[in-house]
Amino acid sequence: MIDQKKVGLALGSGSARGLAHIGVIHALEDKGINIDYISGTSFGALVGAVHASSKLESLEKVYRDFDWKKIAYFFDVVFPKSGLIDGNKVEIFVREYVNAKNIEDLFLPFRAVAADINTGEEIILDKGDVIEAVRASISVPAIFTPVRKNGRILVDGGLVNPVPVSTARSMGAEFVIAVDLNHDIVEGKAPKKKPDKKEEDSAFVQVLNRIGGDKYQAAMDRINASLQSIENPALKQVQSWLTEEPLPNIFEVLLSSINIMENQITRIRLQVDKPDLLIQPKLGSIRFMEFHRAEEIIDIGYEEARKQLDTII
């Protein structure tokens, strides 16, 4: 079925769940399937760009050996501007694993998907600085600051095309393998009711710990210290809300809302832009920033990909 066809790989959005793409790619390699085109959205764009640069093994090693004390390095807090975290240091990190400056120079044809926050348009980034393209595609609204490019303000492509099957087809793919990481995320990530007992940590550290667990403490301490240094009435009001409001806090609501939205958009887009093979790793229990579960996530991606590939080979 796949022999003699140009194969496109569409890597979907998914934050930490996006590490499953590494396992999927390994499964494809083990089956002898060559990838001719790669399209990616959000973390799928990051993995796609690194693989198109032939440095996926290096990136995988970093995440498998990930030290959460180092995660603090990436948190350039700029709140309350256009996002909680500035992405400059993320760009530096990604650049270590991409051997090309421009998309046109990558080993494999690659496209990243972003969204224009002003018009709602889907923007296909197919030329120019590859790191800028990845940075735009991963810019989750209100979490990362947007990217300004050619008069546009670009954010996470998951808002418009979470699994970019159509992009892979437009590149020339005759057989598209799509990796959907959004199909079961809502069930595993409903906001949790706040505990009655107040924690010793600041309210903001509590919020971010609930996103991913206590393994982030070093990073959370850095964020909290940055926030405490900002003299801004709006910030103090937000901290007050986080402390007093018994309902899910603002960040839990934001992330859960994005999860729900991407889940629905993914279902609709996959009905319209049907892939030839759909891989849906079961990752509903993985939260937004649980990169410390890299080995588990990669293995889940690998096993699900092998299972689906066995149906066609």
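Buried denotes a relative accessible area under 20%, exposed over 50% and partly exposed in between (1.4 Å probe, protein chains only). The model is predicted: local features need pLDDT of at least 70, side-chain atom pairs count only at pLDDT 80 or more, and totals for chains, interfaces and linings use all residues. Residues are numbered from 1 along each chain as its sequence is written, and side-chain values use heavy atoms, with hydrogens and water left out.

**View 1. Helix H5 (residues 130–137) is mostly covered**. Helices (H or I, at least four residues) and strands (E, at least two) are DSSP runs, numbered from the N terminus. Of the 8 residues of H5, 7 are buried; among them are Val-130, Ile-131, Val-134 and Arg-135. At the start of H5, the backbone nitrogen of Ile-131 lies within 2.8 Å of a side-chain oxygen of Asp-129.

**View 2. Phe-43 and Phe-291 form a tilted aromatic pair**. Rings of Phe, Tyr and Trp (its six-membered ring) pair if their centres lie within 6.5 Å; planes under 30 degrees apart count as stacked, over 60 as edge-to-face and the rest as tilted. Here the ring centres are 5.7 Å apart and the planes stand at 40°, so the pair is tilted. Phe-43 belongs to helix H2 (residues 43–52) and Phe-291 to the loop between strand E11 (277–279) and helix H12 (294–309), so the pair ties together parts 248 residues apart in sequence. Both Phe-43 and Phe-291 are buried.

**View 3. Five residues form one aromatic cluster: Phe-43, Tyr-63, Phe-93, Tyr-97 and Phe-291**. A search of the whole structure finds 5 aromatic pairs.

Conventions:
A polar contact is a pair of N or O atoms within 3.5 Å; within protein, one must be able to donate a hydrogen and the other to accept it, and residues adjacent in sequence count only if both atoms are side-chain atoms.
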